[in-house]
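Here's a quick tour for anyone meeting this chain for the first time. Have a look at the model, then read on.

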Amino acid sequence: MKIIYTLRKSKRARTIRISINHEARVMVTIPRLMPEFFADRFVKKNSKWILTNLEKVRLKGPVFQLKGSRNEYLTDKVRAKKIAEEKLAEFNKFYNFNVRRIAIRNTKSRWGSCSKKGNINFNYKIAQLPEKLANYLVVHELCHIEQMNHSSKFWDLVKKTVPDYKARRKELRNFKP
Ligand SMILES: [Zn+2]
């Protein structure tokens with residue numbers, strides 16, 4: 001197996017050195033006056049060490065990614081709460097229902113839910129929704145405080161602020177965050 005590496009010449013390097021960065025790139029540093037073929041020879045000689053350590057970096061890779069998505073989730077959660085609160089306040093000026101508590105959850109399949117007591121939950125991905133779908137979602141859950149079903153009475157309530165709710169409902173169903 002041919003190992004691809006980046007060659008660096010350094011004034012300060014006293015001897016040849018191999019390093020692997022977090023992107024799994026192999027770097028060979030040689031003293032400025034050392035002939036370049038030394039690098040090739042050194043890499044061949046140490047190929048086992050390089051491959052073992054490349055594998056370690058690659059195995060670590062997904063761990064960094066997991067960290068990233070956890071942070072993403074927390075950031076979105078904060079944004080989601082703000083969006084949900086603002087929109088609920090805005091639409092509730094019209095409806096004037098009794099909202100008790102808003103919570104943001106990491107639910108797999110649901111965009112939102114509402115309890116009889118007026119506790120409303122939203123999926124944190126509300127932060128990723130286009131404005132008009134987020135508005136529809138908020139109005140949908142808000143109207144469940146008054147109507148805990150999907151009856152025509154419920155849709156009549158939704159329609160008062162989202163006349164094209166049918167199209168938005170369909171769009172939300174097909175939305176892939
Ligand atoms: Zn519903």
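Domain bounds here come from an automatic or database domain assignment. For this chain, that assignment gives domain 1 (5–66) and domain 2 (77–174). The centres of the two, taken over C-alpha atoms, are 54 Å apart.

Bear in mind that this is a predicted model, where local features need pLDDT of at least 70, side-chain atom pairs count only at pLDDT 80 or more, and totals for chains, interfaces and linings use all residues. Residues are numbered from 1 along each chain as its sequence is written.

Now for the sheet: it's an open one of 3 strands in the order β4-β6-β5, with mixed pairing (strands are DSSP E runs of at least two residues and helices H or I runs of at least four, numbered from the N terminus; two strands pair if DSSP finds at least two bridges between them). β4 and β5 are the edge strands, each pairing on one side only. From one strand to the next, the twist averages 15°.

β5 and β6 run antiparallel over 3 bridges, and C114 sits opposite I120 in β6. Lying across β5 and β6 is α3, at about 20° to β5 (axes are lines fitted to C-alpha atoms, for helices over the stretch in contact, with angles from 0 to 180 degrees between N-to-C directions; contact means C-beta atoms, placed from the backbone, within 7 Å).

Leaving aside neighbours within four places in sequence, L137 touches W111, G112, I126, L129 and L172, all by that contact rule.

| β4 | 101–105 |
| β5 | 112–114 |

Terms used. Contact = placed C-beta atoms within 7 Å.
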